[in-house]
Amino acid sequence: MSDQTVDQGKRTWLIASTCAGVAGGAAVAVPFVSTLQPSERARAAGAPIEVDISALKPGEKLTVEWRGKPVWIIRRTPEQIESLKATESQVADPASERKAAEVTPMEETRNAWRSIKPEIFVAVGICSHLGCSPVDRFTPGAQPSLPADWAGGFLCPCHGSTFDLAGRVYKNKPAPDNLEVPPYTFLSDTRLLIGEAKKA
C-alpha cells in the first residue's frame, strides 16, 4: 500500500514538472517568435507597409506613417482628376521632370496624375521648402490665402506654398519641387504596399 502512495506522489510530481516545463517553454518561445517580425524601428527606417484603402471614399484622404513621414492616400473624384488639366499651365513642374529620381522615382507615376491609377494619389505629406506639412484645401474657389480660381489642393501654412491635387507646386512659390511620390504598388484593388515598387 505504501508503494502505491510513493508511485502516486512521483506521478503528481512528473505531471507538475511537465506542465511547468511546457508553460516555461511557451513563455520563452512567444517573445522569441515576435522578434522575427520587423521592429517598430525597422518599420520606421523604411520597411514597406501594407495599407487597406477599401473604406476610402471619393474625395477622402487617409494618412499613414512610413519612414517616420506622413504619407497621404487620396481617392480623387472625377472632378478632381479633371481639375489637373486646368492647373497644368499654373504649376512649376507639370511633368515631374525636376529631381525625377528623388521626387517621382517610379516612371509609371511621371504623368499628369502623378499616380499609377488616376483616382488614387499617394504622396509624402511634407513640403519641399522647409519640411512643414501642408493642409488639405480640397474645396475649389476663393478662400483665405488662396486665389479666386483655386481648383483644390494643398496649402503649406508655414510659407504659403500651394500644390494642386497631384502634389505639383504652383509657380512662384517658396517650395522648389513637387511633393514626393514614394515607391508603392497595388497588391489588389483595395490594398497598397508603400515603400516598394512593383518588381519587373
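With a relative accessibility of 4%, C156 counts as buried, where buried stands for a relative accessible area under 20%, exposed for one over 50%, and partly exposed for values in between, computed with a 1.4 Å probe on protein chains only. The model is a predicted one, in which local features need pLDDT of at least 70 and side-chain atom pairs count only at pLDDT 80 or more, whereas totals for chains, interfaces and linings use all residues. Residues are numbered from 1 along each chain as its sequence is written, and side-chain values use heavy atoms, with hydrogens and water left out.

The sulfur of C156 lies 3.9 Å from the closest cysteine sulfur, that of C127, which is too far for a bond, since a disulfide is taken as a pair of cysteine sulfur atoms within 2.5 Å. C127 is likewise buried, at a relative accessible area of 3%. The structure does hold one disulfide, which joins C132 to C158 with an S to S distance of 2.0 Å. This pair links distant parts of the chain, 26 residues apart: C132 belongs to the loop between strand 4 (120-124) and strand 5 (135-137), and C158 to the loop between strand 6 (153-155) and strand 7. Helices (H or I, at least four residues) and strands (E, at least two) are DSSP runs, numbered from the N terminus. The torsion about the S-S bond of C132 and C158 is about -105 degrees, so the disulfide is left-handed. Of the two partners, C132 counts as buried at 17% relative accessibility, while C158, at 38%, counts as partly exposed.

Helix 3, which spans residues 78-87, has Q80, I81, S83, L84 and T87 as buried residues. These residues cover an arc of only 150 degrees around the axis, which puts them on the same side of helix 3; the arc is that of the directions from the helix axis to the C-beta atoms. An α-helix has 3.6 residues a turn, so residues three or four places apart point the same way. The face turned away from the buried side of helix 3 carries the exposed residues P78, E79 and K85. The buried residues of helix 3 pack against strand 3 (69-75) and strand 7 (162-164), with contact meaning heavy atoms within 4.5 Å.

Strand 3 also pairs with strand 2 (residues 61-66), in the antiparallel sense and over six bridges, two strands being paired if DSSP finds at least two bridges between them. Within this pairing, L62 has I73 of strand 3 as its bridge partner. The hairpin of strand 2 and strand 3 has two residues between the strands, and in this hairpin R67 takes a positive phi near 55 degrees.

Four aromatic pairs are present in the structure. Rings of Phe, Tyr and Trp (its six-membered ring) pair if their centres lie within 6.5 Å, and planes under 30 degrees apart count as stacked, over 60 as edge-to-face and the rest as tilted. W150 and Y170 form a tilted pair, at 5.7 Å centre to centre and with 40 degrees between the planes. This pair links distant parts of the chain, 20 residues apart, with W150 in the loop between strand 5 and strand 6 and Y170 in the loop between strand 7 and strand 8 (184-186). Both W150 and Y170 are buried. Y184 and F186 form an edge-to-face pair, at 6.1 Å centre to centre and with 70 degrees between the planes. One aromatic cluster is formed by W72, F138 and F154.
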